[in-house]
Amino acid sequence: MHLLKLESVSRDFDVSRPWLNRVIEHEPRRILRAVDHVSFEVSKGETLGLVGESGCGKSTVARLIVGLYAPTEGRLEFRGRRMQMIFQDPYASLNPRWRVRKIIAEPMIFLEKKKPVSEFLLQVGLSPDDAERYPHEFSGGQRQRISIARALAGEPDLLVCDEPTSALDVSVQAQILNLMAELQERLGLTYLFISHNLAVVSLVADRVGVMYLGKIVEFASAAQLFTNPRHPYTRMLLDAVPDLDMSGKPRTPVAGEVPNPLAPPPGCAFHPRCPHANERCRVETPKLINDVACHGVEEGRI
């Protein structure tokens, strides 16, 4: 049974110049489609990873789910009671004028719940004495622990984690990931984990969705994705992960940059960077068939 379901969700942003400029210079309106017909489900107790390069629409999906944006098209269904979000920058997401006690207590005040703040601090590995300190008195990793404690105080069924470790040192990242795994096992939490770092996602996710220019191009279990990626873009992302084992595994370099989302290429948006692209890829947009959107995979060329 799914806890969260997205059905063909899209989100457009009007990035046009001011009206008078457009009238004088005879410019049309410019619409940016940040998320393009995205569909997936998240089951209770699992971690779904959502990965892709910067600008692919991952964070927009997160904001659509928690209600910060309304979808232009499509439908979202949430079968839980509450959800919370853990943001990328732990310092920017904490009120610098509030003590930690007030920060963590705020969701409980809203829900009219009475639990000691010390309980949540202990859950995330901090001391009850930290409740009287301000955010600037903590390190980056400790601030993210405070963010997690605040999220837990809201008694969420779903935690939307938007790049929760990317602003932290590598050693601190591991500590936060271990903490999140421990909390999930102990409290039965469900995560949507968004990241551009496949090495991080491989440690936490049960299933992974890969996004490119607003679309889902591949879905797979974490085990399958990291051992047998099918979409050329997924292979490119995996080839960018450092080979610490020095296995000598051959890699296929993929050149180029992410296209301008205001003027995406026709056909498959990835075709200008794909070494397997043919004429069909340049004119026909691939559909998500058997959890991968690629003409080459569909035709057996890849």
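Two strands count as paired if DSSP finds at least two bridges between them. In this predicted model, L6 has L76 in strand 4 as its bridge partner. Strand 1 (residues 2-14) and strand 4 run antiparallel and are joined by five bridges.

- Three strands make up an open antiparallel sheet, in the order 2-1-4.
- Strand 2 (31-43) and strand 4 (73-78) are the edge strands, each pairing on one side only.
- Neighbouring strands of this sheet are turned by 15 degrees against each other on average, direction ignored.
- Helix 2 (residues 58-66) packs on the sheet and touches strand 1, strand 2 and strand 4. The direction of helix 2 makes about 115 degrees with that of strand 1.

**Surface patch**
- A nonpolar surface patch is formed by W19, L20, V23 and I24, with about 450 Å² of accessible area together.
- I24 sits in helix 1 (residues 19-25). I24 has a relative accessible area of 59%, so it is exposed.

**Salt bridges**
- The salt bridge count is 27.
- E155 pairs with K113, with the closest N and O atoms 3.9 Å apart. E155 is in the loop between helix 5 (140-153) and strand 6 (158-162), and K113 is in the loop between helix 3 (100-111) and helix 4 (117-123), so the pair ties together parts 42 residues apart in sequence.
- E155 also forms a salt bridge with K115, at 3.6 Å between the closest N and O atoms. This pair links parts of the chain 40 residues apart.
- K115 is partly exposed, at 37% relative accessibility.
- R301 and E299 form a salt bridge, their closest N and O atoms being 2.6 Å apart. Salt bridges with shared partners join K5, E7, E41, R75, E77 and R79 into one network.

Key. Residues are numbered from 1 along each chain as its sequence is written. This is a predicted model: local features need pLDDT of at least 70, side-chain atom pairs count only at pLDDT 80 or more; totals for chains, interfaces and linings use all residues. Side-chain values use heavy atoms; hydrogens and water are left out. Helices (H or I, at least four residues) and strands (E, at least two) are DSSP runs, numbered from the N terminus. Axes are lines fitted to C-alpha atoms, for helices over the stretch in contact, and angles run from 0 to 180 degrees between N-to-C directions. Contact means heavy atoms within 4.5 Å. Patches are made of residues with over 30% relative accessible area and no salt bridge: like charges are joined within 9 Å, nonpolar side chains (Val, Leu, Ile, Met, Phe, Trp, Tyr) within 5 Å. Accessible areas come from the Shrake-Rupley method with a 1.4 Å probe; for residues, only the protein chains shown count as cover. A salt bridge is a side-chain nitrogen of Lys or Arg within 4 Å of a carboxyl oxygen of Asp or Glu. Buried means under 20% relative accessible area, exposed over 50%, partly exposed in between (1.4 Å probe, protein chains only).
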